[in-house]
Amino acid sequence: MKRTILSVTTAICISLVLGILFPGQVMAARNRPGYTRITSITSDSPDTVSLKWSKTYNASKYMIYCKKSGTSKWSRIASVSGKKSKYRHKASKKFPLKSGQKYFYTVRAYNKKSRTYGFYDKKGKSITIADDTMISDENAVTSASMSQD
């Protein structure tokens, strides 16, 4: 009985000392955001990709990452509020989208107070961008049929 009380007391003292010496580490573990994963990924046009993900606890921001198929490095393309759970990636000079190319996306939660990132899907979700010639062909057919009427 005395041995049990002594070991519990020792564990409490060690925890208190570590909490005093390393307060940021203890707080960081407590406020770390949870796991985030993409639930939906679509490409409405050759220059946009729409993402939806599951919200998680302790997230003040979500960081959106993208990479081309065949590469290993993720590029952060955006950060959005922790209140949001969707994002639309529109092609730009800095982050272009190429027709027929396969891309991977992932989302990672971030907690500003504890300065920690949550766990995320390291493989990401893939999508192949639609060929833009198909879309322009459909538009040509639509405009031709409209002019005949």
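Predicted model: local features only at pLDDT ≥ 70, side-chain atom pairs only at ≥ 80, totals over all residues.
On a 1 Å grid laid over the protein atoms alone, a pocket is an open set of points with protein on both sides within 12 Å along at least five of seven lines, and a residue belongs to the lining if it has an atom within 4 Å of a point. Residues are numbered from 1 along each chain as its sequence is written, and side-chain values use heavy atoms, with hydrogens and water left out.

Now the pocket. The largest one has a volume of about 180 Å³, where volume is the space filled by probe spheres set on the points, and the grid points are joined across faces, edges and corners. Its lining is made up of C66, K67, K68, T71, K73, S75, I77, H89, K94, F95, P96 and Y103. Sorted by class, that gives 5 nonpolar, 3 polar and 4 charged residues. The classes work like this: Ala, Val, Leu, Ile, Met, Phe, Trp, Tyr, Cys and Pro count as nonpolar, Asp, Glu, Lys and Arg as charged, and the others, Gly among them, as polar.

Which strands each supply at least two residues of that lining? They are β3 (61–68) and β4 (75–81), with β3 giving the most, 3 residues. Strands here are DSSP runs of E with at least two residues, helices are runs of H or I with at least four, and both are numbered from the N terminus. Two strands pair if DSSP finds at least two bridges between them. By that rule β3 and β4 are joined by 6 bridges and run antiparallel. One of the bridges sets M63 against S79 in β4. The two strands make a hairpin with 6 residues between them, and in it G70 takes a positive phi near 95°.

Next, the open sheet. It has 3 strands in the order β1-β2-β5, with antiparallel pairing. β1 (38–45) and β5 (86–90) sit at the edges with a single partner strand each, so one side of each has no neighbour in the sheet. On average, neighbouring strands of this sheet are turned by 15° against each other, direction ignored; the axes are lines fitted to C-alpha atoms (for helices, over the stretch in contact), and angles run from 0 to 180 degrees between N-to-C directions.

Stay with β2 for a bit. On one side, 5 bridges join β1 to β2, and the two form a hairpin with 2 residues between them. I38 stands opposite W53 in β2, and S45 stands opposite T48. β2 is mostly covered, with 5 of its 6 residues buried. Buried means under 20% relative accessible area, exposed means over 50%, and partly exposed is in between, using a 1.4 Å probe and protein chains only.

G34 counts as buried because its relative accessibility is 2%. Leaving out residues up to four places away in sequence, G34 touches T56, Y57, A109, G118 and F119, where contact means heavy atoms within 4.5 Å. The C-alpha atoms of G34 and Y120 are separated by 8.4 Å, though the two residues are 86 apart along the chain.

N58, in the loop between β2 and β3, has a positive phi of about 60° although it is not a glycine. With 33% relative accessibility, N58 counts as partly exposed. R115 lies in the loop between β6 (102–111) and β7 (116–117), and its phi, near 55°, is again a positive value in a residue other than glycine. At 68% relative accessibility, R115 counts as exposed.

Key. 1 Å grid on protein atoms, 1.4 Å probe; cavity = no way out; pocket = protein on both sides within 12 Å on 5 of 7 lines; lining within 4 Å.
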